[in-house]
Amino acid sequence: MNVAVAIETLQPESLPSASEAGPASKRVVVAYGFWIFLLSDIVMFSALFAAYAVLVRSTAGGPTGADLFNQASVAIQTACLLVSSFTCGMMSLAVDSRRRGATYAFAVLTFVLGAAFLAFELRDFSGMIASGATPQHSAFLSAYFTLVGCHGLHVTVGLVWLAVMMAQVAIMGFRATVERRLRCFALFWHALDIVWIWLFTVVFLMGVRP
Amino acid sequence: MTQTQHDRAPGDRPVLADSEDGTSSGVLVYTIGLVLAVILTATSFWAANTSLLWGPGIPLGLAVLAIAQMGVHLVFFLHITTGPDNTNNVLALAFGLLVVIVVVAGSLWIMDNLNNMTPPSEQMNMQMQH
């Protein structure tokens, strides 16, 4: 208590209360708004997860998850996305310290790993569809393609976003708007990895068990 | 000191007193996160394929590992802390998780109840023929 009194008496104007401090900086407001969007996006994913969990046994006599899922491919996809999340963090550090070369290098790594993830996922999808396990075959497959495909779509959007951001860094440099967008991209990419944790746990690892 | 009056932006690392040291400690944080995440992921894949563990308990174990890994990602990659400058971020996250749990658990509960209460399809067909 004495300490609090001392701070108040010593520097009354350097620590105003939150209500007196005025609006937060744009950097905080933008990132917080994007954080709210990400949480709403995760709520949307939760609806798809719920649909999948309800319909996972409704295979209509068709193939089950244990027949279809390739664990080696899932492990590679998981590794790609996890390491790309790490390189995305490295890119954020490079942006913070304004190192342009490192930013490009880690952005390229993130992009390549994300594209590799997408390539393996699309290979799995096309293999399943070629073997007759199409989305219209059973409720289980509809739910599976919707849930996993929606995540894949998010990764695709993330890759496009990353490419656009690198063009902006090249043209505009590290100005405040570009830095805020890069920050939002990092949040988005890490959130996609969190969704993937639940995807490989609920869909693939629990799905291959009899 | 004036930075502490507002909440920190989500994804921002804690403000360090020595800014010169910021990058190397940042690399360390991300590396710890990556190592922990790799360990948890590897454990998940091992647990799903092993015959050493009690089978019916494995889905629960996988869920616990996923929750732990989600925590690792939130702390080490998204830099969410329990500090006073993170209250808004944590509250938003808590509300999001509440909605997620209500949607998933509620759907499973209601659909399970419906499945148990719906008569088998042969009986339904007979009723419809009458």
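**Stop by stop**

Select Leu182(A) to begin: leaving aside residues up to four places away in sequence, Leu182(A) touches Met91(A), Val95(A), Met165(A), Met166(A), Val169(A) and Phe174(A). Keep in mind as you look that this is a predicted model.

Next, widen the view to the largest nonpolar core, which has 69 residues. Leu182(A) is among the members that touch the most others, together with Trp35(A), Phe69(A), Tyr144(A) and Phe204(A). Now colour the elements that each give two or more residues to this core: in chain A, α2 (26–55), α4 (71–96), α5 (100–130), α6 (139–172) and α7 (176–205), and in chain B, α1 (22–49), α2 (58–77) and α3 (87–117). Which element gives the most? That is α7(A), with 19 residues.

Now show α4(A) beside α7(A). They pack at an angle of about 160°, and their axes are 10 Å apart. Because angles over 145 degrees count as roughly antiparallel, α4(A) is roughly antiparallel to α7(A). Their crossing is left-handed, and their contact holds 15 nonpolar, 8 polar and 4 charged residues.

Finish with α5(A) and α6(A), whose axes come within 10 Å and cross at roughly 155°. That angle makes α5(A) roughly antiparallel to α6(A). Here the crossing is left-handed, and the contact has 20 nonpolar, 7 polar and 2 charged residues.

Notes:
Residues are numbered from 1 along each chain as its sequence is written. Chains are lettered from A and ligands numbered from 1 in the order in which they are written. This is a predicted model: local features need pLDDT of at least 70, side-chain atom pairs count only at pLDDT 80 or more; totals for chains, interfaces and linings use all residues. Side-chain values use heavy atoms; hydrogens and water are left out. A nonpolar core is a set of buried Ala, Val, Leu, Ile, Met, Phe, Trp, Tyr and Cys residues joined through side-chain atoms within 4.5 Å. Buried means under 20% relative accessible area, exposed over 50%, partly exposed in between (1.4 Å probe, protein chains only). Helices (H or I, at least four residues) and strands (E, at least two) are DSSP runs, numbered from the N terminus. Contact means heavy atoms within 4.5 Å. Axes are lines fitted to C-alpha atoms, for helices over the stretch in contact, and angles run from 0 to 180 degrees between N-to-C directions. Angles under 35 degrees count as roughly parallel, over 145 as roughly antiparallel, 65 to 115 as roughly perpendicular and the rest as oblique. A crossing is left-handed if the near helix is turned anticlockwise from the far one by less than a right angle, and right-handed if clockwise. Ala, Val, Leu, Ile, Met, Phe, Trp, Tyr, Cys and Pro count as nonpolar, Asp, Glu, Lys and Arg as charged, and the others, Gly among them, as polar.
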